[in-house]
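Okay, thanks for making time, everyone. Let me put the thing up on the screen and then we'll walk through it.

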Amino acid sequence: MITPRHVAPVAAPHAAGANSVARVMLWVAAALLPATLFGFWLYGWPALHLWWITTASAILGEALCLRLRRQPVRASLRDASALLTGWLLALSLPPWAPWWIGVVGGLFATVIGKQVFGGLGQNLFNPAMVARVMLLISFPVPMTLWTAPIPLLSANAPGFVDGLRITFGTLPAALDAMSSATLFGYARSELSRGVDLLQSLAATQAPPLSLVGERAGSMGETASLLLAAGGLLLLGLRLITWHIPFAMLATLALLASLMHGSDPARYLSAGTHLLSGGAMLGAFFIATDYVTSPNTSLGQFIFGAGVGFLTYVIRTWGGYPEGVAFAVLLMNALTPVIDRYVKPRIYGRDRHGRPLEIES
Amino acid sequence: MGILEKILGRHPHWGVHPDDHKRPAADAPLRSLPLPEVLRVPLQQHVGSPARPVVLVGERVLKGDLIAEPNGNISAPVHAPTSGRISAIGEITAPHPSGLPQLAITITADGADTWCERQPVADPLALAPEEISRRTAAAGVVGLGGATFPAAVKFNLGRRLRVGTLIVNGGECEPYLSADDRIMRDRATEVVDGLRIVMHAIGAREALVGIEDNKPQAITAMRAAAAAFGHVQVRVVPARYPMGSDKQLIQTLTGKEVPADARAAEVGVLVHNVSTCAAVHRALRHGEPLVERIVTLNGGALTRPGNVLAPIGTPVVDLLRFAGIRERPARLILGGPMMGIVLPHARVPIVKGASGVLAFDAAEARTPAAGPCIRCGSCTRACPMGLLPLEMASRIDADDLDGAAGLALSDCIGCGCCTYVCPSHIPLVQYFSYAKGELSTRERNRLREAATRRLAEERAARLQREAREKAVAAARRKAERAATKAAAGAGVPPLRERVVVTPTSETAT
Ligand code: SF4
Ligand code: SF4
């Protein structure tokens, strides 16, 4: 639908709203900014380097494809959708991951995740999550090597140059020294060793569940509150509606409370589930991706609930400690089905499209 | 509500809220246009068949004289908007969505503006409802909100279906326009009197006047004018486009939904526009046919935007000059920006349904380039009919018109909300107009083909029958001859019954 064929030169309406694709994308980026800056501060220069490498790769991949498909490169890049894809991917990576993770992931996200499907609006799956899952499966070691927070300006934080050296892999010792487990990873490995949650979480080496996010994890997973604040901004601007985030978080919280209530020694609490992993990032920024989520309010509610449910199932019983990316992709696959069956009721018709009866 | 409403949704949940651009034009006092020298009055200013001229070129007419009579059940007469001489009857470019030339009667004004003999009615409410319909029809009153459906036809429908509620549409939700606002502010008593006459004509028990909350002066004026009549209620409705659409206004005011295959009258309501009511008042109380209307002149290319009272048939250029042209308009629009049609040039005349003429400057006329659909769903949320614009458009793009029809394309009211909100600026409505046109052409062709096929089949059957009958007759004659011959030889009477007469069949093979 890039060049509409059935179009008169000028026809009504002769007015257009102020919204544009670039405006939407840039507001989403703005909503991500606080959490991102916090992530830079928390994990220092390597995180910043990884962020720009990933976004630049995503934009490069998009530009290359546009070029190959003979489409206007500059005009299309201006919609900022590639920037956002790269950005979201960067937020889901281990902050001290090596440069090539960012390059491979960024290129994969826009080239395979988006342009192969036909470009903006055509992809079935969320490009950032496609890339993340691909990286996780192909490179499990660097993708699960997390760093404890070491705030910028703190005594042993790496400087700009050391940051570059860490990202480009010439300072491997630093990474080993700082490596740490995420809360989910820790809980899972302790459980598999036969240590129940009541003991393992009480132990001193357990990662703290900090509200502000001072713990190991990706940039987009630790700053839960800042991400939620960004999400509320998007809600207030009506760029997203409440259906997906609410349904996803509520489902996740409900399941977690039920299971935790039944056996606190085996199942993590609702609070842990909501504040860790990609729950907030996923709920407000990833599951709400327009292209890959359903179009109607009810459809979005179902979609959100599905993501929440699958996230819990994968986190608790699946092969990976974190499940948001998989859950989103699985529900992406169901989106066309949801859109096919869940349609708004048409004025003057019932849910099945039959004209309403005339009441006397 | 406040924040919660912002986050959870809004009321009503459909539509858009464009910048209304109504001021300062709406606040400028109503002016009268100096009489134009030449008026071109199109014969098709209403829904239905065009009127038939009843005057000849060269004939002198007075203001209000019938110059073209209705033609068929759904049609409306046309009257001379001023006194003068008929100088031409022929095709002109008229404001019509088809863009095809239309027949029009041209009158050269004599400047005296002399009225014909009018027949006012002192107390229309004492007339029989049928008589009100008759006079309204004779005065050429059509829906002035833009639909231009002959008003009297609707009265009769309402009476037949025993409509209880008259809804008076003072929504005027289109941006830039303020003709209805002005008539409610300046002529509230005429509007209220007119709507009471309409109520009488259809036998309605109550009237609900819906006015958007962005017209406080109109609300006050109408409340004052309606105060004495308990069965006339002025209701404030939220300013939201397309509140002035019949179905949406009915739903907002009464909570009723018009079923997809039904007319509003079938659920007991009838909608008439405020300006139509005022025209009914003038037709009955003053005996004046519809020969002039209030037109909003607005847009960035004009220096003195405002509302003018102008005769039907006034060339648009006269109106623009009157309002002062700041710069060459980049686009001329008849009607509002959401649903109005583009005028090819400024020589076209205004018609009964012309609520406004907009002269857009370059900035207003800028159309953002269309991009790909990002499936944001804004169009679905904005659609007042609950349709799926993006799905319909992608079907149409793939030439799957039946698929689009299956998504209730025919329910689309063409309001333009979907295009307005689309962040990719996809001209969705244009897809829909194209597809609707194409589908109706197809349907017409299908019917025509079916008719042709039926005729051909009938002809073939007839020919076959005739041939058979001829053969049978020939056989009979032959047998008769043989029998006579035999009888002549043996004295036996002819055996008619030996001849088998095949019954003729209607079915062709
Ligand atoms: S508003 Fe435009 S971009 Fe959004 S879903 Fe509709 S057609 Fe697509
Ligand atoms: S689909 Fe039709 S009715 Fe719905 S918003 Fe678009 S133009 Fe209006």
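So, which residues are around ligand 1? They are Cys373(B), Ile374(B), Arg375(B), Cys376(B), Gly377(B), Ser378(B), Cys379(B), Leu390(B), Cys422(B), Pro423(B), Ile426(B) and Leu428(B), where near means a heavy atom within 4 Å. That shell splits into nine nonpolar, two polar and one charged; Cys and Pro count as nonpolar here, Gly as polar.

Quick housekeeping. This is a predicted model, with local features needing pLDDT of at least 70 and side-chain atom pairs pLDDT 80 or more, while totals for chains, interfaces and linings use all residues. Residues are numbered from 1 along each chain, chains are lettered from A and ligands numbered from 1 as written, and side-chain values use heavy atoms, no hydrogens or water.

Now the interface. 66 residues of chain B touch 44 of chain A, contact being heavy atoms within 4.5 Å. About 4,900 Å² gets buried between chain B and chain A, 59% of it from carbon and sulfur atoms; that's accessible area lost on being put together, 1.4 Å probe, summed over both parts. Ile374(B), Arg375(B) and Gln430(B) supply 14% of what chain B buries against chain A, more than any other three residues.

Separately, Arg349(A) and Asp411(B) pair up in a salt bridge at 2.5 Å, N to O.

Conventions:
Buried area is the accessible area (1.4 Å probe) that two parts lose on being put together, summed over both. A salt bridge is a side-chain nitrogen of Lys or Arg within 4 Å of a carboxyl oxygen of Asp or Glu.
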